[in-house]
Amino acid sequence: MSQIIIKLDCPHCFSAKVVKNGLKKNKVQNYKCSDCKKQFQYEYLYWGANIRVKRQIIRMLVHGSGITDIANVLGISKGCVIRTMLKIGLSITLKPSKKHYHKVQIDELHSFVSKKGKKVWIIYAYAVETNEIIAVTAGKRSKRQVKDLFKRLQGLTIDWFCTDRWEAFKQVLPYDKHLIGKKFTRTIEGVNTSLRNSCKRLKRRTTSFSKKVFNHWQAIKLTMHYRNYKTSYI
């Protein structure tokens with residue numbers, strides 16, 4: 001009788017050093033990677049538990065797909081998509097690559113939570129020289145949110161803040177370091193377009209809303225983090 005041999009690689013670190021590690025409660029063989037020490041199964045009773053499916057969820061989230069779209073395409077529940085998004089969103093943070101920036105552009109864009117009438121504003125800072133988003137805050141379009149963003153930038157040395165003519169920017173940002181006008185924010189306007197294409201929640205005429213502000217915030221943070229670092233997360 002011929003014997004079938006299945007060669008397994010770790011789906012996390014792709015190492016070939018994999019050993020058996022007992023059975024799960026459902027009597028399915030469990031494996032463990034000797035390098036990264038993570039456990040996995042060759043077959044899953046629920047498709048959404050597969051590490052490769054979770055990677056696909058993240059790829060689709062940061063390339064313009066909504067929760068329902070992903071669930072329908074991958075054949076999993078919407079709850080699985082949301083749990084994966086929240087798990088990754090809670091584990092990441094925006095970390096500027098430098099301590100000193102010559103010019104930082106700041107702009108705002110709106111989205112919706114729960115319904116069209118409930119706007120949530122995203123105000124963020126973008127460094128042109130490194131092509132990265134270095135700080136972001138979300139909430140109402142108010143002076144308070146601008147103060148929150150400015151507070152997040154306190155650990156950095158910034159020569160110039162470039163914004164449009166919104167009065168809240170004039171009131172919060174240092175007068176002697178503030179450049180005002182659309183000619184100073186052309187690059188970040190292009191970033192706005194890129195973010196709207198990458199996250200369905202940010203599209204101008206979208207019908208994709210988060211039910212909770214918390215979920216909405218994690219989706220936005222994930223989109224911006226991916227734009228900066230292009231990492232796989234899982």
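**Exercise 1. Find which residues touch the most other members of the largest nonpolar core, then trace where that core comes from.**

Step 1: Of the 20 residues in that core, Ile 57, Leu 61 and Leu 222 touch the most other members. A nonpolar core here is a set of buried Ala, Val, Leu, Ile, Met, Phe, Trp, Tyr and Cys residues joined through side-chain atoms within 4.5 Å. Buried means under 20% relative accessible area, exposed over 50%, and partly exposed in between, with a 1.4 Å probe and protein chains only.

Step 2: Now the elements. Helix H1 (51-61), helix H2 (67-74), helix H3 (78-91) and helix H7 (213-229) are the ones that give two or more residues to this core. Helices (H or I, at least four residues) and strands (E, at least two) are DSSP runs, numbered from the N terminus.

Step 3: At the domain level, at least three residues of this core come from each of domain 2 (48-91) and domain 3 (100-229). Domain bounds come from an automatic or database domain assignment.

Step 4: Apart from this core lies another one, of 19 residues, including Ala 125, Leu 149, Leu 156 and Phe 161.

A quick word on the model before going on. It's a predicted one, so local features need pLDDT of at least 70 and side-chain atom pairs count only at pLDDT 80 or more, while totals for chains, interfaces and linings use all residues. Residues are numbered from 1 along each chain as its sequence is written, and side-chain values use heavy atoms, with hydrogens and water left out.

**Exercise 2. Say how many salt bridges a search of the whole structure finds, and work through some of them.**

Step 1: The search finds 5. The criterion is a side-chain nitrogen of Lys or Arg within 4 Å of a carboxyl oxygen of Asp or Glu.

Step 2: Take Lys 200 and Asp 69, whose side chains meet at 2.7 Å, N to O. This pair links distant parts of the chain, 131 residues apart: Lys 200 sits in the loop between helix H6 (186-198) and H7, and Asp 69 in helix H2. Lys 200 is partly exposed at 22% relative accessibility, and Asp 69 is partly exposed at 32%.

Step 3: Next, Arg 152 and Asp 148 form a salt bridge at 3.1 Å, N to O. They are separated by about one helical turn, because they're 4 residues apart in helix H4 (residues 143-152). Arg 152 is partly exposed at 47%, and so is Asp 148 at 25%.

Step 4: Glu 189 pairs with Lys 182, the closest N and O atoms being 3.3 Å apart. Glu 189 is partly exposed at 30%, whereas Lys 182 is exposed at 52%.

**Exercise 3. Work out which loops hold Lys 37 and Asn 131, and give their phi values.**

Step 1: Lys 37 isn't a glycine, yet has a positive phi of about 70°. Its place is in the loop between strand E2 (29-33) and strand E3 (39-41), and Lys 37 is exposed, at 53%.

Step 2: Asn 131 isn't a glycine either, and has a positive phi of about 55°. Asn 131 falls in the loop between strand E5 (115-127) and strand E6 (132-139) and is partly exposed, at 39%.
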